[in-house]
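The following explanation leads a new reader through the structure shown below, beginning with a single residue and widening to the whole chain.

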Amino acid sequence: MLKNRVAVVILFLLIALPATLLAAQLDFFRHVPTPAENPQTPEKIELGKKLFFDRRLSGDGTMSCATCHVPEQAFTDGLEISMSYPTTKNWRNTPTLLNVAFYKSFFFDGRAATLEEQALFPVMSAFEMNKNLDYLEEHLKSVPAYVAEFKKVFGGEITKPRIAMALAAFQRSLVSMNAPLDKFLKGDKNALSPDAKKGYELFTGKAGCIRCHNGVLLSDSIFHGLNVPENPSFANDPDIAATRRFVAKVYHFDDYKNLNEDPGRFLVTNNKQDWRAFRTPTLRNIALTAPYMHNGVFKTLDEVIDFLNKGGGEGNKVLKPLGLTGEEKKYLKTFLVEALTGETLKIKYPEVP
Ligand code: HEC
Ligand code: HEC
């Protein structure tokens with residue numbers, strides 16, 4: 001009888017264990033996903049880079065994409081809540097653009113399906129660059145160097161979709177891999193220090209991080225409601241409240257006037273399950289991209305790990321307390337800090353025409 005039971009358990013482990021491991025794995029970099037409609041060429045990437053650094057893309061000429069996505073800061077700005085167009089306030093943290101091509105949707109709430117679609121949002125956003133897109137098209141047409149470059153790259157004139165395509169191509173070139181974890185996964189067992197290795201075991205085992213942080217990005221590109229608290233530093237900021245109401249109104253949120261928290265994915269799907277759910281962020285280069293979460297509420301990785309160890313925010317349905325000891329939390333942090341930082345990209349600033 002007992003023997004039978006043991007046999008059943010072993011059989012179960014043999015079948016179920018590899019299946020769950022297959023479902024959630026870490027992976028190393030092979031190639032950058034690129035849509036057939038917008039193939040990468042060196043000239044297109046270079047044009048996209050110029051646009052990325054060009055302050056003409058903002059209404060008052062003070063901001064380029066690189067103002068918030070600073071190359072030397074892993075394409076973030078180090079702020080809890082991102083910078084914004086003068087006199088307005090942003091409401092979310094600036095995510096890194098390193099390895100951004102690997103996501104399946106873009107923004108914390110996934111409201112853009114492709115990098116091409118994403119690229120024009122910040123340009124027209126009232127609280128980011130605030131530039132009218134039709135005007136941008138004409139504005140760039142008055143710069144002979146751009147007219148010539150668009151002709152060379154796209155075989156035609158400057159259009160909004162082509163501006164977006166060039167920006168997307170540049171961002172797809174921002175690949176920072178070959179982190180110690182990649183070397184480790186390829187078989188170099190010494191690529192991680194003994195403490196980082198213990199952290200890796202926790203990450204993929206007891207702490208269950210790999211459930212959501214998996215694949216080549218260490219993100220499943222799915223939305224989860226961890227109930228991350230609102231950032232108390234901005235709880236009473238009237239300008240942020242205005243931005244929140246504005247976005248909710250644009251997304252037809254009925255009660256936008258009384259909204260005092262970030263609805264997350266709900267704004268896109270209108271599905272109750274998505275209330276305050278955000279896309280799992282990549283953990284690559286996580287040591288370089290503090291502060292953390294969609295609203296920058298946690299300044300350190302210790303704060304993030306403590307939050308997860310206690311089972312996430314009040315009332316959430318996706319996390320359970322982990323019961324990690326002080327030592328285990330230390331190993332987990334060592335893994336995040338030591339194993340996930342990829343090669344540094346040397347970005348040579350372009351000459352904007
Ligand atoms: C004023 C600061 C600011 C500027 C300027 C800005 N961004 Fe961002 N960017 C942000 C913030 C904040 C988010 C997150 C917004 C959200 O999720 O709702 C973001 C998100 C993104 C994302 C999505 C990343 C992801 O993980 O899904 C991409 C791609 C991006 N920006 C590219 C650009 C490009 C290209 C430009 C220039 C055309 C630009 N940004 C200009 C602040 C800025
Ligand atoms: C149920 C899915 C899920 C699990 C399990 C999970 N995470 Fe996350 N993680 C997320 C989501 C979603 C966010 C973004 C939340 C937000 O912005 O409000 C996040 C954010 C983070 C961040 C901040 C990233 C940034 O750029 O701001 C870190 C660090 C992190 N998680 C580490 C871990 C670790 C370590 C574990 C295991 C102890 C873990 N996560 C388990 C889904 C998960």
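**From one residue to the whole protein**

Phe75 is buried, with a relative accessible area of 1%. In this predicted model, Phe75 belongs to the loop between α3 and α4. Its backbone deserves attention, for Phe75 has a positive phi of about 60° although it is not a glycine. Most residues other than glycine have a negative phi, and most peptide bonds are trans.

The loop between α3 (65-68) and α4 (115-124) also holds His69.

The iron atom of ligand 2 has a single protein donor, NE2 of His213, 2.1 Å away. His213 is placed in the loop between α9 (194-204) and β1 (223-224). Ser221 lies in the loop between α9 and β1 as well. With a phi near 60°, Ser221 has a positive value in a residue other than glycine. Ser221 is buried, its relative accessible area being 8%.

Pro291 is found in the loop between β2 (278-279) and α12 (301-309).

Attention may now turn to a helix. Which residues of helix α6 are buried? Within α6 (residues 144-154), these are Tyr146, Glu149, Phe150, Val153 and Phe154. Seen down the helix axis, the buried residues of α6 fall within an arc of 100°, so they line one face of the helix. An α-helix has 3.6 residues a turn, so residues three or four places apart point the same way.

Ala148 and Thr114 are 34 residues apart along the chain, and their C-alpha atoms are separated by 27 Å. After α6 comes Gly155, whose phi is positive, near 70°.

The view can then be widened to the domains. The protein is divided into domain 1 (42-172), domain 2 (182-229 + 275-339) and domain 3 (233-266). The contact between domain 1 and domain 3 takes 13 residues from domain 1 and 14 residues from domain 3. Taken over C-alpha atoms, the centres of domain 1 and domain 3 are 24 Å apart.

Finally, the protein may be considered as a whole. It contains 13 helices and 2 strands. Its radius of gyration is 22 Å, close to the 20 Å given by the globule rule for 353 residues, so the protein is as compact as a globular protein of that length. The C-alpha trace spans about 85 × 50 × 30 Å along its principal axes. Of the 353 residues, 49% count as buried. The protein exposes about 17800 Å², of which carbon and sulfur atoms supply 58%. Among contacts with a separation of 6 or more, 66% are accounted for by residues 24 or more positions apart.

Terms used: Residues are numbered from 1 along each chain as its sequence is written. Chains are lettered from A and ligands numbered from 1 in the order in which they are written. This is a predicted model: local features need pLDDT of at least 70, side-chain atom pairs count only at pLDDT 80 or more; totals for chains, interfaces and linings use all residues. Side-chain values use heavy atoms; hydrogens and water are left out. Buried means under 20% relative accessible area, exposed over 50%, partly exposed in between (1.4 Å probe, protein chains only). Helices (H or I, at least four residues) and strands (E, at least two) are DSSP runs, numbered from the N terminus. The arc is that of the directions from the helix axis to the C-beta atoms. Donors are N, O and S atoms within 2.8 Å of the metal (3.2 Å for Na, K and Ca); water is not among the atoms, so sites may look incomplete. The radius of gyration is taken over C-alpha atoms; the globule rule is 2.2 Å times the number of residues to the power 0.38. Contact means heavy atoms within 4.5 Å. Accessible areas come from the Shrake-Rupley method with a 1.4 Å probe; for residues, only the protein chains shown count as cover. Domain bounds come from an automatic or database domain assignment.
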